[in-house]
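Keep the sequence and the structure at hand while reading.

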Amino acid sequence: MMRGIYSEFIDNEVYKESEKDWYVELSRTDMYWYDLLINPTDSGYSFDTRNLIVEYLKNLKKEIEENLEKRFIYFICSRKKVRFNTNKKPQYNPITKKVKIHLLIGREKKKASAKIKFYDVVTNRFSNPTIELTDKYITLTNDSNNKITMSIHDFLSRTDVSFGHSTQVQYVGYTENPHTRPTNGSHSGLNEILHEVSNEEYDTLLFFNLFKVTSRAKNATAMLNFILPNSMTNEIGAEIEGKLIEKCFIFYFDSIYQTKNRDKEMGELKNNLIKLSNENKISSIQFCYELESPNDYWKFFSSKISPKHRHVFTVSLSTSIPIVEEKSEIFSSLMESSLK
């Protein structure tokens, strides 16, 4: 196993004998609409969205490998279908400086609208850009004749438009190669979701997540505390780290599409938790999944978990059985400290 740049700390006897917990928090996240991968030229423009996404993920993987060894934890999700209403032109209000854009939601194509202010960074003022629409794409041309084209989900996410929808996590996995899994389509979990979840009512979204893992150790006898990022010590290798995080999220969201392998997944999680406890004295893995700026696209839920922007939970062993609790002592103490 590769040694981390601060690996000398984990050789310290005081640290070795200290009781430890892992704290896992979101480092970065990227969202992709699966339609852009299976219908890459559907925009009507010259670019191929599949190639753009795959190249981006290849470069992201390379960037991560050059700095850290990490695994991507991906969520396969469904979200209420939304399309631009191309039968209604956008309307600009010169008083409010807002543009009203019309949309259609769900199978029934329920009519809705969003009022958005567009800010031109070149002219340093709010503007009324030229807008071209298809049902899935929007193209904005500003006063300087600069164009940008976005899918409807990217647009609504970036402009933080909310219709009160949340995103349902249907499947959790991990990968070293995000440009091929699950993006290449040969993924049984993804195919099952595409088959079972109505594409007339919902769109499929992929979220690729990277996490920061910190080991927090206390030694009352030596009166010392340690806070060490696992990426800097490599106390636990990237493969095991990725599998642990994946399994914890699987059992937290507890999707019906992952029940068929539940016993196997539970066995792997149990064995890894026992190994962490015996070899590293790590007794729990505590999570806080939250964006710095809340966005409804990252308001996740499942059949077990209610919709929320912040997901806090702890995974630990109780009489050799992994348990998931919706709380975190580390997160609570961090929140208390921030309020002081």
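This is a predicted model: local features need pLDDT of at least 70, side-chain atom pairs count only at pLDDT 80 or more; totals for chains, interfaces and linings use all residues.

Lys109 lies in the loop between strand 5 (98-105) and strand 6 (110-120). The phi angle of Lys109 is near 55°, a positive value in a residue other than glycine. Is Lys109 buried or exposed? Its relative accessible area is 56%, and exposed means over 50%, so Lys109 is exposed.

Lys281 sits in the loop between helix 8 and strand 14 (282-289). Its phi is also positive, at about 60°, although Lys281 is not a glycine. Lys281 has a relative accessibility of 25% and therefore counts as partly exposed.

Another loop holds a cis peptide bond. This bond joins Arg181 and Pro182, with omega at about 0°. Pro182 belongs to the loop between strand 11 (167-175) and helix 5 (188-196).

Both residues of that bond, Arg181 and Pro182, are among the contacts of Tyr74. Tyr74 itself is part of strand 2 (residues 72-80). With a relative accessibility of 1%, and with buried meaning under 20%, Tyr74 counts as buried. Leaving aside residues up to four places away in sequence, Tyr74 also touches Tyr171, Val172, Gly173, Tyr174 and Thr175, as well as His187, Phe207 and Phe208.

Ile64 is a residue of helix 3 (residues 49-67). Its relative accessibility is 13%, so Ile64 counts as buried. Beyond residues up to four places away in sequence, Ile64 touches Glu69, Lys70, Phe72 and Leu210.

The distances run from C-alpha to C-alpha.

| Pair | Apart in sequence | Apart in space |
|---|---|---|
| Ile64 and Asn93 | 29 residues | 44 Å |
| Tyr74 and Asp30 | 44 residues | 9.4 Å |

The next topic is a pair of helices. Two packed helices are described by the angle between their axes and by the distance between those axes. The axes of helix 7 (residues 238-253) and helix 8 (residues 262-280) come within 10 Å and cross at roughly 130°. The crossing of the two helices is left-handed.

Which residues of helix 7 meet helix 8? They are Ile240, Leu244, Lys247, Cys248, Ile250 and Phe251. On the side of helix 8, the residues they meet are Arg262, Glu265, Met266, Glu268, Leu269, Asn272, Leu273 and Leu276. Sorted by class, this contact of helix 7 with helix 8 has 9 nonpolar, 1 polar and 4 charged residues.

Last comes the chain as a whole. Its secondary structure comes to 9 helices and 17 strands. Along the principal axes, the C-alpha atoms of the chain fill a box of roughly 70 × 45 × 35 Å. The chain has 340 residues, and buried residues make up 48% of them. Of the contacts with a separation of 6 or more, 68% are between residues 24 or more positions apart. The protein chain exposes about 17,600 Å², and carbon and sulfur atoms supply 47% of this area.

Key: Residues are numbered from 1 along each chain as its sequence is written. Side-chain values use heavy atoms; hydrogens and water are left out. Axes are lines fitted to C-alpha atoms, for helices over the stretch in contact, and angles run from 0 to 180 degrees between N-to-C directions. Helices (H or I, at least four residues) and strands (E, at least two) are DSSP runs, numbered from the N terminus. A crossing is left-handed if the near helix is turned anticlockwise from the far one by less than a right angle, and right-handed if clockwise. Contact means heavy atoms within 4.5 Å. Ala, Val, Leu, Ile, Met, Phe, Trp, Tyr, Cys and Pro count as nonpolar, Asp, Glu, Lys and Arg as charged, and the others, Gly among them, as polar. Buried means under 20% relative accessible area, exposed over 50%, partly exposed in between (1.4 Å probe, protein chains only). Accessible areas come from the Shrake-Rupley method with a 1.4 Å probe; for residues, only the protein chains shown count as cover.
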